[in-house]
Amino acid sequence: MFAENKMEKWAVRAGQGIDVPARLVLWNGRSFDLGRFERPLVVLQANSEACLPYLMSPSLDRLARAYIEGLIDLEGRLTDAIVVAYALAQRALTPAARLGRVIRNLPHTRAADQASISYHYDVSNAFYQAWLDPAMVYSCAYFENGGEDLATAQRKKIDHILRKIRLEPGQSLLDIGCGWGALVIQAARDYGARCVGITVSERQAELARARVAAAGLENHVQIRLQDYRDVEGTFDRITSVGMFEHVGKKNLPAYFAQMRRLLADDGLALNHGITSSDPDSGEAAFGGGEFIDKYVFPNGELPHLGLALRAMQHGGLEALDIENLRRHYARTLHMWSERFEAASEAIRSEVGERRFRIWRIYLAGCAFAFERDDISLYQILCHKAGRTPHDIAWSRHYMYGDRSGYAG
């Protein structure tokens with residue numbers, strides 16, 4: 001009875017200012033409405049008194065943990081549940097606590113990075129195939145007109161990148177963090193490039209090699225199981241898509257310096273990555289960063305755009321073009337989340353209930369975070385700093401299909 005009385009007082013306070021009608025149902029069937037409404041859109045089912053500490057002092061991390069561990073269940077649209085979770089966390093946390101941890105001393109040795117990447121990407125290839133597009137592109141898509149399906153938008157994203165770096169037949173291309181090989185396959189098949197893709201995920205490398213072979217591109221594409229710090233040689237073009245989030249903020253200058261060392265003197269490189277919108281903490285808001293670090297991306301760090309550009313300059317690279325694709329990633333994540341929900345039975349069978357819950361709320365939560373501008377996505381085109389400007393394009397026309405904008 002004591003626990004029920006505490007929950008009743010909490011529900012009265014928590015329900016103020018929540019835009020989505022929600023109801024809390026206790027383990028004994030007693031229910032409390034979070035706000036005034038005729039019918040709830042979201043029902044939080046508390047399965048035991050063990051969930052009380054998570055609900056009484058909610059953050060995105062604590063609420064997610066309670067759901068993942070089965071202490072609470074959700075009914076209703078997941079997008080509405082995410083709105084409720086944000087509202088609860090926003091009301092409960094102090095302004096300082098909302099920003100997350102400011103200082104994180106994360107190890108980024110080769111062994112630590114290998115373990116983190118393996119945890120995230122080696123879940124199983126079948127798991128990712130269940131909700132990604134057929135090419136298995138696990139990064140922000142590009143909706144040129146806004147109405148593209150996911151597969152088309154992912155192909156357009158790769159084309160958008162390859163146009164930006166002005167990829168030409170016969171040029172060498174290094175793709176850092178190549179995933180399952182979609183970019184290098186498209187670059188070799190459609191642009192005639194000689195490609196090297198690197199990853200430290202064994203399962204990604206295995207499937208990427210099989211896909212290269214199936215495309216008949218073994219003489220044009222090499223997939224290596226290799227850390228970016230160990231790559232040698234010179235490349236005309238370099239791409240890094242969805243990888244620098246794993247590097248660590250302190251390591252970014254060295255990361256970009258390595259990119260510079262590998263880049264030909266007249267080469268172009270493009271970094272495509274998620275950034276934090278908070279210039280101070282570099283964390284997702286309201287405890288979201290703690291959840292992602294613990295359950296999804298161990299040792300991942302999101303720099304602010306300003307920090308990324310500063311690190312790039314320290315690494316000896318000059319930014320030529322910066323494009324914000326936040327709206328595109330919100331759309332991508334909504335599509336991934338919808339596909340994830342549609343394939344829920346197969347995914348549960350493949351990875352189990354706990355991991356299913358982790359990824360279910362991760363995808364939907366990230367979509368909401370991009371909508372809110374808690375996090376963003378930038379493509380940064382660059383070349384070696386100090387170069388003559390005469391070979392820089394006069395305009396962006398060439399990026400959008402009109403190649404007349406090349407300098408000459």
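Guide: Gladly; we will go label by label, keeping in mind that this is a predicted model.

Visitor: Why is Arg260 called partly exposed?

Guide: Its relative accessibility is 30%. Buried requires under 20% and exposed over 50%, so a value in between counts as partly exposed. Arg260 itself sits in helix α11, residues 252-262.

Visitor: What makes Lys384 a contact of Arg260?

Guide: Contact means heavy atoms within 4.5 Å, and Arg260 touches Lys384 as well as Gly315, Gly316, Leu317 and Ala385, leaving aside residues up to four places away in sequence. Along the chain Arg260 and Lys384 are 124 residues apart, yet their C-alpha atoms are separated by 6.4 Å.

Visitor: Why do Cys140 and Cys366 count as buried?

Guide: The cut-off is under 20% relative accessible area. Cys140 has 0%, so Cys140 is buried; Cys366 has 8%, so Cys366 is buried too.

Visitor: How many disulfides does the structure hold?

Guide: The count is 0. A disulfide would need a pair of cysteine sulfur atoms within 2.5 Å.

Visitor: And the cavities: what lines the largest cavity?

Guide: The search finds 3 cavities of 30 Å³ or more, and the largest has a volume of about 380 Å³. Its lining has 23 residues, with Leu60, Ala64, Ile82, Ala85 and Ile361 nearest the centre. Helix α4 gives the largest share, 6 residues.

Visitor: What kinds of residues make up the lining of the largest cavity?

Guide: They divide into 21 nonpolar, 2 polar and no charged.

Methods: Residues numbered from 1 in each chain as written. Predicted model: local features only at pLDDT ≥ 70, side-chain atom pairs only at ≥ 80, totals over all residues. Heavy atoms only, no water. Helix = DSSP H or I, 4+ residues; strand = E, 2+ residues; numbered from the N terminus. Buried < 20%, exposed > 50% of the residue type's maximum accessible area, 1.4 Å probe, protein only. 1 Å grid on protein atoms, 1.4 Å probe; cavity = no way out; pocket = protein on both sides within 12 Å on 5 of 7 lines; lining within 4 Å. Points joined across faces, edges and corners; volume = space filled by probe spheres on them. Nonpolar A, V, L, I, M, F, W, Y, C, P; charged D, E, K, R; others polar.
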